[in-house]
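Dear colleague,

Please find below the structure that I am handing over to you. My notes on it follow.

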Amino acid sequence: MSLAYLLAFASGFIALSHEILWYRVYSYASQGAADAFALMLGAYLAGIAFGAYAARALCRDGTLPLRAVAWLLAGSCLAYLVPPAIAGALTLVESWELTLPATALAAALLGAVFPLVGHAFIAPDARSGSRVSFLYVANILGSVAGSLGTGFVLLDRWPLATVAWLLACASLACAAALTAARGVRGMTLAATVALCVLGAAALQALGPALYGSLYEKLQFQSGYRPGERFALTIENKSGVIAVGREGTVYGGGTFDGTVNTTLYNDTNAIVRAYVLAGMHAAPREVFMVGLSSGSWANVIADHPRVERLTIVEINPGYLKLLEHYPEVAGLLKHPKVHIEIDDARRWLVRHAERRFDLIISNNTLHWRAHMSNLLSVEFTELVRSRLRPGGVYYFNATASARAVGTAAAVFPHLVAFHNCVAASSAPLAFDRGLWAQVMRDYVVAGHSPLGGRISEQSVLDRIDRLLVPGPALRARIANVALITDDNMGSEW
C-alpha cells in the first residue's frame, strides 16, 4: 500500500501543479479577466471527471490497471506541451476560451490515475473502506502540496517553462518507478528507464522552441510576429511582468505603463501625474498604491513640495524592472522614497496611525480580477480615513462609471482628468497658477519635464481640455450602482 499512497500523492501533486501553470497562462492571455479561473477550473474538473470515468473500462481486467497507470503517468508528461499549444492557438484564433479543451484532455490523463491505483491496490475485503480513505488523504495532501508548493515556491524560483519540465520529469520518474515495482527486470526495465530519460531530454531540448516566445504569443496573439521578443520578462509567484523593446510594460498581460517621465514625449499620458501639482499646494506626505514602470512614482517623488513618498507594491518583480531603466532606477535609492512589498489595503489597515496629503492609485483596468479590492466603497472609505484635512485621493477609474460613482458616494468633491479622478472632503479644483509655480521648480531625474521643447501654456491648454469639474462629472454618473466588496461590480 505504500506505493499506492505514493502514487496517489504524486498524481495529486502533478495534477494540481499543472492547474496552477495553466491558470497563469489563461490569466495572462485574458489580461486577468475575472472569469478566467472559473472557466479554466471547469475545463480542468471536466477532464478529471472524464478520465476517471474512462478508467472504468480498464478496471475490468485485473492485470491491466498497474500497466495502465504507468502508461498514463508517462503520457501525462505531454501536459508540458499545453502552455505552448495554447499560445500557438491564440496566434490563429484570438479566443482563449476555445483552447480550454486542451487542458481538459491533459487533465483526463491524470484523472484516470487515481481510480486505477485504487482498483489495483485495494482488495475488496473488510479493510477496503479505511484503505480508500487513506488513499484519498494521500491524494488530497499531494493536491495541496502541488497548489502551494508550485504556486508559492517553484514559480517564485523558476520560470513557468522550467517548472513545466520538472513536472514532466516527475511524471516520467513515477512511471519508471511503478514499472520497477511491478517486478519488471532486465532489459525491459532498462529500456523503460532509458525511454523516460530520453523523453525528459527531448522535452528539455524542445523547450526554447516551445516556450521561447510563450508570453509574446499570449500578449499579442493574432498580432504576434515570428521572432518577436520582449526586452525583459520577470516571473515570480506574484505574476509575470514583460517589457517591450520600446519600454512598454505589461503586467499580467495588460498594459501597465511606459517608462517615461517627460511631458514633451508623453507616450504614457504622464501628464496625469503632473496635473497633481495644481491640485494640492503642499503634498508633503504621499502614499502610492503600486509601482509599475516607476514613471508616476518618479514624478511624484521629485515634486518639489513632496517630503516623503511611501509606495506599497505587491509584486517585488517591479523592483527588478527599475534596475534595467536608468530613467527610473533612481527610485531605489531616492532619499524621499520608501518602498514596501505588501498588499496596499492590508498596509493601510495595519498602519492606522499614518495620515497623508495625497493618496495615489494608478489602478489597472477595472474589470480585472481582484480590482474590486481597490475600487469598492469599503476601500474608498478606508482611504478617506487616512487623508489629512484637505487631502486628495487620486485614482485611475479606467473609464468605469461605477468606479467614479463609488468615489462620489464617499467624497463630496470631485474633479476628473483624463481617465483619473481626484476626490476630497474639501473643495477641490485645478489651480493653474499653482501648477505653473510648481512646474518652474520641477526637476525629474535631473531634467526639466518640459525639456525646453514645449511650453507651460501648451500643457495647460491640454489639461483644460481634459478636466471635468465635479457637477458635470456627477451628472454623468447619476444612478450608477456602487462597487462593494460583496458585489465585485467592477469585475463581473
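A search of the whole structure finds one cavity of 30 Å³ or more. A cavity here is a set of points, on a 1 Å grid over the protein atoms alone, where a 1.4 Å probe fits but cannot get out, and lining residues have an atom within 4 Å of a point. Grid points are joined across faces, edges and corners, and a volume is the space filled by probe spheres set on the points.

Please note that this is a predicted model, in which local features need pLDDT of at least 70 and side-chain atom pairs count only at pLDDT 80 or more, while totals for chains, interfaces and linings use all residues. Residues are numbered from 1 along each chain as its sequence is written, and side-chain values use heavy atoms, with hydrogens and water left out.

The largest cavity has a volume of about 30 Å³. Its lining consists of L374, L375, T380, Y393, F395, A403, T406 and A407. Two or more lining residues come from each of α16 (372-375), β9 (387-396) and α18 (401-410). Helices (H or I, at least four residues) and strands (E, at least two) are DSSP runs, numbered from the N terminus. The largest share of the lining, three residues, belongs to α18. By type, the lining residues are six nonpolar, two polar and no charged. Ala, Val, Leu, Ile, Met, Phe, Trp, Tyr, Cys and Pro count as nonpolar, Asp, Glu, Lys and Arg as charged, and the others, Gly among them, as polar.

The packing of helix α1

Helix α1 (residues 2-29) packs against helix α8 (residues 160-181) at an angle of about 160 degrees, with the axes 10 Å apart. Axes are lines fitted to C-alpha atoms, for helices over the stretch in contact, and angles run from 0 to 180 degrees between N-to-C directions. The two helices are therefore roughly antiparallel (an angle over 145 degrees).

Yours sincerely

Methods:
1 Å grid on protein atoms, 1.4 Å probe; cavity = no way out; pocket = protein on both sides within 12 Å on 5 of 7 lines; lining within 4 Å. Parallel < 35°, antiparallel > 145°, perpendicular 65-115°, else oblique.
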